[in-house]
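Please look at the sequence and the 3D structure below before reading on. The report then goes through a few local features in turn.

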Amino acid sequence: MTVILNQSFTGISIGAVLLLIALGLTLTFGQMGVINMAHGEFIMAGAYTTYVLQKSISGAGVSLLLALPLAFLVAGAMGALLEWLLIRRLYTRPLDTLLVTWGVSLMLQQLARDVFGAPNVQTRAPDLLTGNISVGGITFANNRLFILGLALLCVLGLTLIMRTTPLGRRIRAVVQNRDLAEVSGIATQRVDRTTFFIGSGLAGVAGVALTLVGPIGPTMGTNYIVDAFLVVVVGGVAQLKGAVITAFALGVLQSVLEYSTTVSVAKVIVLVAIVAFLQWRPQGLYTLRTRSLA
Amino acid sequence: MTTPTPSLERMAPAAEPSRSLLDRFRVPGAFLVGAVLLIGVAPLALSDFRLNLLAKYLCYAIVAVGVSLAWGRGGLLVLGQGVFFGLGGYAMAMHLKLADAAETGQTLPDFMQLYGTGDTLPWWWQPFANPAFALAMTVLLPMAVAALLGFFVFRRRVKGAYFAILSQALAAALAIWLVGQQATTGGTNGLTDMRGFFGYDLDDPVNQRMVYFVIAAVLLLLMAAARQLFVSRYGELLVAVRDSEERVRFLGYDPANVKLVAYVVAAGMAGLAGALFVPAVGIISPALIGIVPSIGFVIGAAVGGRASLVGAVLGAIAVAWAQSTLSDAFPAAWTYLQGLLFVLAVGFLPGGLASLASVVRRRRTPMTTTPITAPASAPTSAPTGGTA
């Protein structure tokens, strides 16, 4: 029994990491249709922000807390810049955004290599997050609990923004019908940029969280990017709840399969399961009801 | 959108009914020139080492022929060509390893003896001892995998970005699986040290030249076949599906089948390329077929010109050449240059270098050739932007 519970906690914590990484993509890919391969590098930017902060501020706890908003701003600014420079020219060609941003991600990886060096670096976790909590025979790693809390907090924040603020309303309007939003007086270009800022900023926050569970390196983004895209594909475009459910479901599935087979076989089975799932719901778990034929 | 982008339909020339005598011989003429350069001039002008490098680039060019078909004509962004390249490559390498082992009287390939997991060959290795089976598998296995994925994906109208990401995930999954099965696939190292190629010694430069000739001939043959496919009825249907899938559906065709054929044929070409890559380069490994090389296969075609067959092939050769010459000398600078090349080529010259001439021409006479804006199903108005 404890094995099952421990394993499902592992799954949930994998899911929380997936969710954090995919959350930004639900905005930029799910809502705007831009396949941003540089999203992984924005995660890396957030991780390096944490690293730099810790170099200048000795307290691990303080620097981690400061890193969260700062990484959001750094990665967000990079995203907004990318949108302004390149992506706004490509909204009519969504597939090409993938290749263009792949080029950008190559350059950003090399930039990280030139600035921080090719070998991976590490940050110190605050003492509070290094231990474990045991409840009824189940061990919860503190850093995993922190990531879970952070992921849920981000979901909550994003939901509030999308549901209650004028900005969220405008984002949804642009997503549902760009032309109609435009003639209704919404500055769609500015909304695009803001959406991209938030989506990329969330990647930065994910990067901060990842410093707690692994090393920081120039290629760290590539390891997560495909999984994150799969979460959005399975979750569907319209709502955050698709991404939330999918991230945790895939996390648990992955951890159960890894327990019973091997990591590599688990990856293959998860992919097969995703293709099978898309037979049942081709547009993902949740879809936006539209009149479009696509 | 404020700035109209040149739409893709301008890049694919339709079969033109009336052509002058010069035009009629343009394509066969260019083909002949290419054939003379590849088969006649290159082996004389290049050293053994350079010819072997060219053989490697030509393998990438064979993949690019398929990419030009599936992506350039069909609009299917095939990001997982590494899977098919890898399946073809591993099928060939498995046979060569077994043949090498049989030569020295062993039952197991050398790396399996090293990891020592048993004395018996895994069951799925056994049929690859048969050369005919292995050769058939280099093409049939990739095609079967592509047919399986394509059938399920296209039937349910999963398209656009979703298809691209699924095909990419397939590449990632295969690479991870191969790394995980150290004992039977060689793990990260892949399969290396092939000594013989159907009875010929691969270390002999004469036989390496022979491998080059085989690769060049296959490339020319596949280019001719792809060209015929492009100008056929099927080729026109494929372009029609790319530009307006719904209209094709309303006309009574099933776009799923049209796309499936393009995807499967492209996969077969990639598999063949992988199979030829093994004797030319002497290695197949997960690092050659994962996500990064899979995108690389597409990038060459994008830079050269995805919709133009010759452009895609030349682009693939040029990018591979630039990669190996520049990345040794200036590794950091090359990565920046590579990134910039992708951004500029895809972002600002979607037709690739092949379209440079027509873009310049259009700039000079802007009145007569304003780009055709996309029809009613333009991605701008589709709320599910990612699936458009």
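The model shown is a predicted one, so local features are described where pLDDT is at least 70, and side-chain atom pairs count only at pLDDT 80 or more.

**Salt bridges**

Over all chains, the structure holds 11 salt bridges. Three of them are listed here.

| Pair | Closest N to O distance |
|---|---|
| B:D48 and B:R209 | 3.0 Å |
| B:E245 and B:K259 | 3.1 Å |

In chain B, B:D48 forms a salt bridge with B:R209. This pair links distant parts of the chain, 161 residues apart: B:D48 is in helix α3 (residues 48-73) of chain B, and B:R209 is in helix α9 (residues 205-231) of chain B. Are the two partners buried, partly exposed or exposed? B:D48 is partly exposed because its relative accessible area is 41%. B:R209 is also partly exposed, with a relative accessible area of 24%.

Salt bridges that share partners join B:E245, B:E246, B:R249 and B:K259 into one network.

**A positive patch on chain A**

Which residues form the positive surface patch? The patch is made by A:R163, A:R169, A:R170, A:R172, A:R190 and A:K241. Helix α6 (residues 166-176) of chain A gives the most to this patch, with 3 residues. A:R170 lies in helix α6 of chain A. Its relative accessibility is 36%, so A:R170 counts as partly exposed.

**A hairpin in chain A**

Strand β1 (residues 132-135) and strand β2 (residues 138-141) of chain A pair in the antiparallel sense, over 4 bridges. Within this pairing, A:I133 stands opposite A:F140 in β2(A). The two strands form a hairpin with 2 residues between them. In the turn, A:G136 has a positive phi of about 55 degrees.

**A positive phi in chain B**

Most residues other than glycine have a negative phi. B:D193 is not a glycine, yet its phi is positive, at about 60 degrees. B:D193 is found in the loop between β1 (191-192) and β2 (196-197) of chain B.

**A buried residue in chain A**

A:T195 is placed in helix α8 (residues 188-210) of chain A. Why does A:T195 count as buried? Its relative accessibility is 2%, and buried means under 20% relative accessible area. A:T195 and A:E83 are 112 residues apart in sequence, while their C-alpha atoms are 9.8 Å apart in space.

Note on methods. Residues numbered from 1 in each chain as written. Chains lettered and ligands numbered in written order. Heavy atoms only, no water. Patch = residues over 30% accessible without salt bridge, like charges linked within 9 Å, V, L, I, M, F, W, Y side chains within 5 Å. Areas by Shrake-Rupley, 256 points an atom, 1.4 Å probe, with all protein chains shown as cover. Salt bridge = Lys/Arg side-chain N within 4 Å of Asp/Glu carboxyl O. Lys, Arg positive; Asp, Glu negative; His and termini not counted. Charge placed at Lys NZ, Arg CZ, Asp CG, Glu CD. Buried < 20%, exposed > 50% of the residue type's maximum accessible area, 1.4 Å probe, protein only. Pairing = 2+ DSSP bridges.
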